[in-house]
Amino acid sequence: MERFKDKIVVITGAGSGIGRSTALRLDSEGATCIIVDINESQLEETLAMMSNSKSSSKVLDISSIEDSKTCFKDIRESYKKLDALINIAGILRFDNSHEVQIEDWNKILNINLTGTFFMCSHALPMLLESKGAIVNVSSTAALGAHAWTAAYSASKGGISAFSKTLAVEYGMKGLNINCVCPASIETPMSTNPIMPKDIDTRLLKKIMPLDGVNRSPDDIASTIAFLASDDAIHINGIDLRVDGGLLT
Ligand SMILES: NC(=O)c1ccc[n+]([C@@H]2O[C@H](COP(=O)([O-])OP(=O)(O)OC[C@H]3O[C@@H](n4cnc5c(N)ncnc54)[C@H](O)[C@@H]3O)[C@@H](O)[C@H]2O)c1
């Protein structure tokens with residue numbers, strides 16, 4: 001499949017997990033990728049796994065308005081156009097909600113929500129020219145109740161809500177903006193999480209997969225690739241759950 005031949009795609013969070021799998025998936029489908037992450041060494045590892053010599057990497061913090069602005073200015077100069085933006089970068093921590101520290105609340109909201117917004121808003125002028133696509137990675141935490149994730153759930157709820165705003169605002173101008181809501185994907189984020197002390201383990205059932213099986217990030221990458229491609233041309237403004245039925 002060469003759905004992304006001659007397409008220029010930005011992928012954030014590409015140094016690890018779902019972001020890395022998505023970069024490799026799009027690379028295998030012919031995309032020229034600009035991969036983005038705050039972690040330089042991991043990002044370079046991903047780039048080294050990719051085959052398209054026109055692809056490149058950018059080390060940046062998505063929560064910095066200057067970093068995201070410069071990113072798209074550079075892309076316009078170097079690549080002249082942009083066909084898709086895929087926002088995957090994010091962070092998670094677990095706390096009892098009455099113990100969340102304001103520094104952690106702000107950090108999670110700044111990276112997950114404001115960072116995703118900065119990337120979208122700076123990419124939109126180029127995406128409007130190409131009639132492109134945005135795929136934002138939200139979470140089942142935006143749709144159902146997940147304990148101990150007040151800041152993370154608020155950030156993901158925000159991503160799902162503002163993505164729908166973009167979808168109606170720009171849909172008739174030819175853009176598709178959708179969210180993917182994964183659960184239980186085996187990545188560094190989900191492996192050995194640090195939980196608050198003395199949790200009520202009955203609540204774990206609400207964030208565990210129905211069949212007890214964690215899935216590979218490749219199983220999210222395939223969905224993201226679909227939504228970013230012309231195969232999803234008539235899909236706009238959805239939250240697509242990829243959760244093995246967790247919220248069913
Ligand atoms: N793993 C899951 O089960 C799961 C479930 C639901 C949603 N998600 C979401 O999927 C996305 C990817 O998660 P993952 O599991 O692959 O995690 P991960 O920790 O493996 O990857 C996250 C990547 O984001 C990068 N990043 C963090 N802060 C950044 C910043 N300020 N600027 C640029 N890059 C930054 C990290 O360096 C890392 O490479 C996240 O948005 C996460 O919330 C994951």
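**View 1. The ligand sits in the largest pocket.** A pocket here is an open set of points on a 1 Å grid over the protein atoms alone, with protein on both sides within 12 Å along at least five of seven lines. To count as sitting in one, a molecule needs more than half of its atoms within 2 Å of the pocket's grid points. The elements giving two or more residues to the shell around the ligand are α1 (17-28) and α5 (150-170); helices are DSSP runs of H or I with at least four residues, strands are E runs of at least two, and both are numbered from the N terminus. This is a predicted model, where local features need pLDDT of at least 70 and side-chain atom pairs count only at pLDDT 80 or more, while totals for chains, interfaces and linings use all residues. Residues are numbered from 1 along each chain as its sequence is written, and side-chain values use heavy atoms, with hydrogens and water left out.

**View 2. Who surrounds the ligand?** The ligand has 27 residues around it, and the closest are Ser16, Ile18, Asp37, Tyr152 and Thr187 (near means a heavy atom within 4 Å). By type, the shell splits into 14 nonpolar, 10 polar and three charged residues.

View 3. On its own the ligand has 830 Å² of accessible area, and the protein covers 92% of it (Shrake-Rupley method, 1.4 Å probe).

**View 4. Arg3 makes side-chain polar contacts with Glu29 and Asp231.** Arg3 belongs to the segment before β1 (8-12). Its side chain pairs with that of Glu29 at 2.7 Å and with that of Asp231 at 2.9 Å. Such a polar contact is a pair of N or O atoms within 3.5 Å; within protein, one must be able to donate a hydrogen and the other to accept it, and residues adjacent in sequence count only if both atoms are side-chain atoms. Leaving aside residues up to four places away in sequence, Arg3 touches Arg25, Glu29, Ala225, Phe226, Ser229 and Asp231 (contact: heavy atoms within 4.5 Å).

**View 5. Asp231 sits in the loop between α6 (218-228) and β7 (239-242).** With the neighbours up to four places away in sequence not counted, Asp231 touches Arg3 and Phe226.

How values were computed:
1 Å grid on protein atoms, 1.4 Å probe; cavity = no way out; pocket = protein on both sides within 12 Å on 5 of 7 lines; lining within 4 Å. Nonpolar A, V, L, I, M, F, W, Y, C, P; charged D, E, K, R; others polar.
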